[in-house]
Amino acid sequence: MASPLTKGKQAFVRYREERKEVTILEICDDTVTVTVPNGSLPAKNLGVSLEIPTLEGTYCYHTHVATAPRADDDILLLRRTASVKRFDRRRTWRVPLHARTKASRLDGRRVFRAVVVDVSAEGALLFTAGAFEPGELITFQLYLPNELPHEICARVVRVKETVRDGQTVYTLGAAYHELSKPARRALTYYIWKRLLELFPTEVRGLFRRGSQNQIDRRLGLIGTPDEENPADNHGAGVSGDSSEGQAEYS
């Protein structure tokens, strides 16, 4: 397989428990130039994971910030070790989603603000102030574009605690415990739409090379938006983000 580290590729940078979408601008020896991510800027020498999704999995390059970016800059310069990368093959595709919500335990006694960072057919990644424990069942409202909110029940499979700006933030990897049919269908539509936005050529190529069942298995989706032929809409599909299974979801 050709290296996914190519100019113009859409990627993500992960730092301070944040995951931001960027575009690779230039590659020169051991440095990679990307667009500046939205929000807070990483400091010089801060460790940054450069994640490049492909249809086979996610390539993760371990880098650090070579020069401290300024607010008026439009590029971020990362220095990498060419031999240090991780290929992360998961059972399902994750796609980015930045949706504010509230999360609680099943008893509903305490409700915490949260943000759903990304979703897949099996689970979701959330940032929250709630100190949940692995194995706990939680509920939250899932807000997808052009959809009414869906009530989600999920089991926490991974927790990471971080202190940011003097406040404790928890990163939760959660696997769906109960998912209604409308929620499943809405998730399927959203995942297909985002995949087509992020990787239009690659996704359409799957329809030319494989059967529908093969496509579903590779993408890890719960069926397709149009069960008869999702690629018949003028070739555009739908119209207008593991070895350890669910415990690896992060």
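A pocket is an open set of points, on a 1 Å grid over the protein atoms alone, where a 1.4 Å probe fits, with protein on both sides within 12 Å along at least five of seven lines; lining residues have an atom within 4 Å of a point. The model is predicted: local features need pLDDT of at least 70 and side-chain atom pairs pLDDT 80 or more, whereas totals for chains, interfaces and linings use all residues. Residues are numbered from 1 along each chain as its sequence is written, and side-chain values use heavy atoms, without hydrogens and water.

The lining of the largest pocket comprises 24 residues, with His98, Arg100, Val115, Phe127 and Arg164 nearest the centre. Two or more lining residues come from each of β2 (18–28), β7 (95–105), β8 (111–119), β9 (123–128) and β12 (167–178); strands are DSSP runs of E, at least two residues, and helices runs of H or I, at least four, numbered from the N terminus. β7 gives the largest share of this lining, five residues.

Ala121 is located in the loop between β8 and β9. Its relative accessibility is 10%, so Ala121 counts as buried (under 20% relative accessible area, with a 1.4 Å probe and protein chains only). Ala121 and Arg185 are separated by 64 residues in sequence, with their C-alpha atoms 10.0 Å apart.

The buried residues of α1 include Ala186, Tyr190, Trp192 and Arg194.

Technical notes
Buried < 20%, exposed > 50% of the residue type's maximum accessible area, 1.4 Å probe, protein only.
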